[in-house]
Amino acid sequence: MERIVSEAKKKELNYEVFFTKEETKSLNFEQSELKDISHKIIEGIGVRLIHNGRMGASSSNNVSNLEVLDFALNSARFGKEVQFTFPELPLHSESFGDSKSELEFEKLYPVINEIVRYLENKYQGKVDLSLTQMKLYQKLTNYRCENYIERNTTFFDFGLSLFSVTSSGFLITYSWSWKKSGLTSDDLWNITRKMEQTLVNYDKIAKITSGRYKVIFSPYALLSTLGITISSGVNGFNLARRMSPLLSKLNEKILNEKINITDDPNLDTPSKRGFDDEGLRTAKRSIIENGTLKDYILNLDSAAELKMNPTGNGIRYSFSSLPLPGFHNFAVQEGERSLKDIIRGMDNAILFLIPIGEGQSNIIMGDYSLNVGLGYYVENGEIVGRVKDTMISGNVYTDFQEVLEISKDTELLMSRGYNTFFNLPFIIVDNVSVTTK
Amino acid sequence: MIEELKRGLGHISEGYADIRYEVWRTTSINMINGKIEVASTHVISGGSVRYYHRGAYGFSTFTRLEDIEGAVRSAENLAKLLKPKEEVVLKPQSPVKDIVEPKVSINPNKITFDEKVELVKKYHDLLTGNDKFVAVSVTYGENLLTRYFVNTEGTEIIEERPYCGISGSITGRDGNLLQRAFRSFGDLRGYETVLRREADFEEIKKDVLDLLRADKVEGGVYTVILDPQIAGVFIHEAFGHLSESDLIFRNEKLKEIMTLGKDMGTDLLSVVDDGSLEGERGFIAYDDDGIKSRKNYLIKNGKLVGRLHSRYTSSLMGEEPTGNSRAVNFNYMPIVRMTNTYIENGTETFEGLLEGIQRGLYVLGALGGQTELEMFTFSSAKAYKIENGKIGSPVRDVVLSGNVFETLKNIDAIGNDLQMYGGLGGCGKGAQVPLPVSDGAPHIRIKNVIIGGR
């Protein structure tokens, strides 16, 4: 990196250089057996140049490859006219997680085997799982100063899925969680128990007919509906290109007043950032307040195009991708009652746990049409059986006007690698269209 | 390069190991609303080592060639760290020595960057000129891949895969309604693939205007005719993934469901995965286990006859490897994947397919699809009602869903106009996306398909 920075200085270029080094250690089980143990190191640099008022960019995983400057200069010949400058950077260093903590394969291997055999015996299925340690180092500098911003992130995650052929048909369920420091056997068992909570009366089929139902959207189902529609609708990239229906809708009510959504860069997840990947300070922002649209998610480029102020949301999803507007932590404010209590008080509803087919509709307009991968019918406060061969469809902007309640329970989900986390509750929506055979 | 990789494996005296080294030169040019958003070239190179020991792999990556030996030792140590419960012996393969050069008349690397930018501008301008078009985007994508593969059995392969493609999209607005239409073309046939696409780009304009005037589809159970593109996505999503044997190889119940010889559908139905189709987006001369690609029947005349394998899954199931072990790039372990998947031609004409449909849908183009083995969904780019055997008005937001086993049996007619589709996207499995594949089919007719709707 230093070689490229020094060459860019010599050539008096208006440069920005972003370096990442990602080290991953993982242990993977496939079909209930150890498949591999991996150690991967990926490093690379992304370069942006503003040359003759135009943007040029390139990247390489050879971090001293001077060719990237030539590629970026060549690209600037055609690049977009730039209406912003790179900001002056403070000297800033931040870290997340316990970088000294290591994944202890040998210690955890017997526990993993125990969990796998337990699930196999209890559910007559096969288990895939992965245990990962991620260490990430990122460094940003530009021509405005000698300073740089650097970020060290360490976290561990554990995901498992169960596949079983049951009397109600194929059954797939999964669970995932993460930690800042090394995983223990208790952590692994807790995630296993969490997954088991999705398995209630799973071997019975509940026969329902097409119609309109109360639907309890799980955090996974919310991610595939409210999550992707709102995060793409308020995204500066789409707004600047007039591809979002939320352009000119600031301060208008777009969802039910029970819904509050923030972008919180201070939330304690691996997406916690004091500065974004363009060097702007981040801040907690209210995006939707009592159902009303209050703010957008902008990087330098989209803010300049929209003639607004950037919001500190420029994120590089890899060293080779340009900074794009993105949430740090998309958080929906939780409600007061637990999911258990809410279900107990319901006469009938569909508990929509795992969707299949995310993103296949006109998502930016809010449309969704999802198959129920795993879902249950709730009758008189009890889960009575699985709902199968069923599509749940509608429009986020219309359906999420009829929110009945939001649960106290929330779940943190990771999206787009480690770059954005979603903290989502269960949301109960009335009058949702359900099509079944 | 091959010699350097072989030196890396030099000290290994027992067990199996291989090294993949890849050099990617990627060019991306994207113009949106008259502005070049991206015009860049990236060079990425690196490799990975797999060491196989008793039933599990150790896997390690490297960027610099001087780090190969360290990566080999790391993979070996990782493979020997833990003892899998089940020991599986990889069935030995005869060594192969081959250099595979691309068969293209115009290699994209012979075309200047400036010419590619001009091409993007030309197609972009073709898509403009209607007040309803709020966002017009054209993207040129190029991946020139050279891959080197060696293993401890003596296999040495060099293979070049020059991919290029182009896509165009229009977001149209009418009042509060926004709709998007797009087309994407890409394969390994060379720069010819992106030339002379004017007529295809004109279709995008027609599609978006159709979508803006289309009604939202009414949810229900329909008879559908799928065009070759979406029928290809259907067979990829609904059946192709289920044929990937890493999903079934230890699951006795699933193995029973997928017993070779079982009836899967009408005897008109034959399904193939063929990595050896030169020029197609999913063409590979050799897979990432160093196995030569080949034509594999999955269903023949309605009966299940085959499945897709890596060396590992084929060794475990006592079958032959099929050339389907693939990774998106050197940073990932190869897993069982499709290549070019299609339904073979039947005999029915398009008019014959329409005959007798009282209430149905003619569904064209594909936005995407997803499967969780038994259940699948896939969505169309556009669709028209079929009423009394005739094609009627356009409808939008058509997402089809069903159970694969029932749906395959509900295919009751197959056309005679097979076409393959590649494009700029690819297939996703686990974290590995986008893997270059193509899929295709003739027009097909399916009864009782669930369509989500309002």
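## Inside a two-chain model

Biologist: Which residues lie nearest the centre of the largest cavity?
Modeller: The largest cavity has a lining of 18 residues (a cavity is a set of points on a 1 Å grid over the protein atoms alone where a 1.4 Å probe fits but cannot get out, and lining residues have an atom within 4 Å of a point). This is a predicted model, where local features need pLDDT of at least 70 and side-chain atom pairs 80 or more, while totals for chains, interfaces and linings use all residues. Residues are numbered from 1 along each chain, chains are lettered from A and ligands numbered from 1 as written, and side-chain values use heavy atoms without hydrogens or water. Nearest the centre of the largest cavity lie K35(A), Y57(B), S310(B), Y312(B) and P334(B).

Biologist: Which element of chain A supplies at least two residues of that lining?
Modeller: Chain B brings strand 2 (35-53), strand 3 (56-62), helix 7 (311-317) and strand 14 (335-336), each with at least two residues (helices, H or I of at least four residues, and strands, E of at least two, are DSSP runs). From chain A, the element is strand 2 (33-51).

Biologist: What is the volume of the largest cavity?
Modeller: A search of the whole structure finds eight cavities of 30 Å³ or more. For the largest of them, the volume is about 150 Å³.

Biologist: Which element gives the largest share of the lining of the second largest pocket?
Modeller: That pocket (an open set with protein on both sides within 12 Å along at least five of seven lines) holds about 850 Å³ of space. Its lining has 29 residues, and among those closest to its centre are Q197(A) and F426(A). The largest share, five residues, comes from chain A's strand 7.

Key: Points joined across faces, edges and corners; volume = space filled by probe spheres on them.
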